[in-house]
Amino acid sequence: MLLLISPDSVEEALDCAKAAEYLDIVDVKKPDEGSLGANFPWVIREIRDAVPADKPVSATVGDVPYKPGTVAQAALGAAVSGATYIKVGLYGCTTPEQAVDVMRGVVRAVKDYRPDAFVVASGYADAHRIGCVNPLALPEIARVSGSDAAMLDTAVKDGTRLFDHVPPEVCEEFVRLAHEADLLAALAGSVKAGDLSTLTRIGTDIVGVRGAVCQGGDRNTGRIQPQLVADFRAEMDRHAREHPAVVAAAS
């Protein structure tokens with residue numbers, strides 16, 4: 001399971017750099033613009049320069065509307081700015097067809113520029129609260145559009161968490177559907193260390209966190225702490241040792 005950490009500034013990225021040995025992907029977002037809020041191109045570039053070259057940088061394109069051309073341009077901007085993982089929050093897509101339309105544009109825009117880029121179709125565990133596509137539709141949306149991964153996060157950051165909206169057995173189905181489509185499965189949404197046993201057991205490929213590694217556990221006002229990143233990785237490694245068969249199958 002890969003650990004994705006989300007700094008929201010160059011300063012926090014430098015803190016991630018101090019903990020680089022414990023994380024796998026540095027994810028650039030802007031939490032005050034939403035769950036998958038997009039940061040500025042120059043921030044993506046500066047963070048790319050701030051973290052070790054062997055650590056891929058991911059960038060969120062935003063909680064996007066159903067405007068395929070607009071989203072494709074934004075995704076290309078993230079790739080040009082140095083991100084190799086491009087995440088699109090399908091916030092404004094109310095049907096799978098709309099979501100596929102958006103993601104096809106993103107895939108073409110990004111991969112025409114950088115064929116080795118990694119495109120992530122992201123949905124929301126609490127889709128029922130915002131009227132977007134069903135979480136279990138994401139793997140098929142990602143497959144049909146040519147994306148590389150399907151991801152679930154939470155749209156409304158009000159203290160509720162991934163498993164509050166999508167129980168573990170539904171997350172397990174999400175992971176299974178993603179793997180059957182030859183996709184990676186990523187899960188996030190106020191994930192805590194206590195969730196790692198379940199996330200490992202069901203074969204999650206990427207776990208995304210922010211609040212869990214921020215001072216005070218606060219994704220908005222807390223700052224990422226290198227020691228908390230190290231502690232979270234230690235818990236991941238412990239659970240990987242306890243679930244070797246699952247880890248081997250996922251790899």
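**Entry 1: Ala 181 and its loop**

I looked up Ala 181 and located it in the loop between α8 and β7; helices (H or I, at least four residues) and strands (E, at least two) are DSSP runs, numbered from the N terminus. The model is predicted, so I note that local features need pLDDT of at least 70 and side-chain atom pairs count only at pLDDT 80 or more, whereas totals for chains, interfaces and linings use all residues. Residues are numbered from 1 along each chain as its sequence is written, and side-chain values use heavy atoms, with hydrogens and water left out.

Is Ala 181 buried or exposed? With a relative accessible area of 19%, Ala 181 is buried; buried means under 20% relative accessible area, exposed over 50%, and partly exposed in between, with a 1.4 Å probe and protein chains only. I also checked Ala 181 against Glu 140: their C-alpha atoms are separated by 7.4 Å, and the two residues are 41 apart along the chain.

Asp 182 is in the loop between α8 and β7. I recorded its phi as near 60 degrees, a positive value in a residue other than glycine. Asp 182 is exposed, at a relative accessible area of 71%.

**Entry 2: Helix α8**

I then took helix α8, residues 168-180. Its 13 residues reach 18 Å from the first C-alpha to the last, close to the expected 18 Å at 1.5 Å a residue; the expected span is 1.5 Å times one less than the number of residues.

Which residues of α8 are buried? They are Cys 171, Phe 174, Val 175 and Ala 178. These residues lie on the same side of α8, because they cover an arc of only 95 degrees around the axis; the arc is that of the directions from the helix axis to the C-beta atoms. An α-helix has 3.6 residues a turn, so residues three or four places apart point the same way. On the other side of α8, I found Glu 169 and Glu 180 exposed.

I listed what the buried residues of α8 pack against: α6 (138-145), β6 (149-153), α7 (162-165) and β7 (184-187). Contact here means heavy atoms within 4.5 Å.

I followed β6 and β7 next, and they pair in the parallel sense over four bridges; two strands pair if DSSP finds at least two bridges between them. Ala 150 has Ala 185 in β7 as its bridge partner. Strand β8 (residues 206-209) pairs with β7 in the parallel sense over two bridges. Ala 186 stands opposite Ile 206 in β8. From β7 the chain passes through helix α9 (residues 196-201) to β8, and this β-α-β crossover is right-handed: with the strands pointing away from the viewer, the path from the first strand over the helix to the second runs clockwise.

In the loop between β7 and α9 I noted Ser 190. Its phi is near 55 degrees, a positive value in a residue other than glycine. Ser 190 counts as partly exposed, at 27% relative accessibility.

**Entry 3: Strand β5**

How many of the seven residues of strand β5 (residues 118-124) are buried? I found seven of seven, and β5 is mostly covered. Phe 118, Val 120, Ser 122 and Tyr 124 point one way, Val 119, Ala 121 and Gly 123 point the other way, and all are buried. In a regular strand the side chains alternate between the two faces of the sheet.

Strand β4 (residues 85-89) pairs with β5 in the parallel sense over five bridges. Val 88 has Ala 121 in β5 as its bridge partner. The chain crosses from β4 through helix α4 (residues 96-113) to β5 in a right-handed β-α-β crossover. Five bridges also join β5 to β6, which run parallel, and Ala 149 in β6 is the bridge partner of Val 120.

I looked up Asp 27 in strand β2, residues 25-28. Asp 27 is buried, with a relative accessible area of 0%.

Which side chain does a polar contact of 2.8 Å join to that of Asp 27? The partner is Ser 6. A polar contact is a pair of N or O atoms within 3.5 Å; within protein, one must be able to donate a hydrogen and the other to accept it, and residues adjacent in sequence count only if both atoms are side-chain atoms. Leaving out residues up to four places away in sequence, Asp 27 touches several others, including Leu 4, Ser 58 and Lys 87.

Lys 30 sits in the loop between β2 and α2 (41-50). I noted Lys 30 as buried, at a relative accessible area of 17%. With residues up to four places away in sequence again not counted, Lys 30 touches Gly 37, Ala 38, Asn 39 and Phe 40.
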